[in-house]
Amino acid sequence: MRKKLLSLAVILTATFGLNAQVTTYAVGGAVADFTVTDVHGVSHTLSDYTNAGKWVVLDFFFVNCPPCQATVPTFSEFHE
């Protein structure tokens, strides 16, 4: 498990650290509340999760991006 977490940290650092495009938010800063609709048509609001004390991981990626696709199994495992 520790090895998987270390691998995830390396992947996330490489993916987001080297390819970061968002410069409008400071590290550790708060983001504006927003609502999204999932593939099942259910709406989710960020504040609903954070107010419930849940951790939120946002992974925005391009479907044809090989490094992005490489993170899918890890995030699926977190979800499970």
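Modeller: The second largest pocket has a volume of about 950 Å³. The model it was computed from is a predicted one.

Biologist: What makes it a pocket and not a cavity?

Modeller: A cavity is a set of points where a 1.4 Å probe fits but cannot get out, whereas a pocket is an open set, so the word "pocket" says that this space is open.

Biologist: Which residues are closest to the centre of the second largest pocket?

Modeller: They are Val56, Val57, Leu58, Asp59 and His79, out of 20 residues in the lining. Strand S2 (43–45), H2 and helix H4 (72–79) each give two or more residues to that lining. H4 gives the most, with five.

Biologist: How do the residues of the lining divide into nonpolar, polar and charged?

Modeller: There are 13 nonpolar, four polar and three charged residues in the lining of the second largest pocket.

Biologist: Where is Leu58, and why is Leu58 called partly exposed?

Modeller: Leu58 sits in the loop between helix H2 (46–51) and helix H3 (66–70). Its relative accessible area is 39%. Buried would need under 20% and exposed over 50%, so a value in between is called partly exposed.

Biologist: Why is Thr71 called buried?

Modeller: Thr71 has 3% relative accessibility. Thr71 lies in the loop between H3 and H4. From C-alpha to C-alpha, Thr71 is 9.8 Å from Phe61, and the two are ten residues apart in sequence.

Biologist: How many of the protein's residues count as buried?

Modeller: Of its 80 residues, 12% do.

Biologist: In what order do the elements run?

Modeller: The protein has four helices and two strands, and from the N terminus on they run α-β-β-α-α-α.

How values were computed: Residues are numbered from 1 along each chain as its sequence is written. This is a predicted model: local features need pLDDT of at least 70, side-chain atom pairs count only at pLDDT 80 or more; totals for chains, interfaces and linings use all residues. Side-chain values use heavy atoms; hydrogens and water are left out. Buried means under 20% relative accessible area, exposed over 50%, partly exposed in between (1.4 Å probe, protein chains only). On a 1 Å grid over the protein atoms alone, a cavity is a set of points where a 1.4 Å probe fits but cannot get out, and a pocket is an open set with protein on both sides within 12 Å along at least five of seven lines; lining residues have an atom within 4 Å of a point. Grid points are joined across faces, edges and corners, and a volume is the space filled by probe spheres set on the points. Ala, Val, Leu, Ile, Met, Phe, Trp, Tyr, Cys and Pro count as nonpolar, Asp, Glu, Lys and Arg as charged, and the others, Gly among them, as polar.
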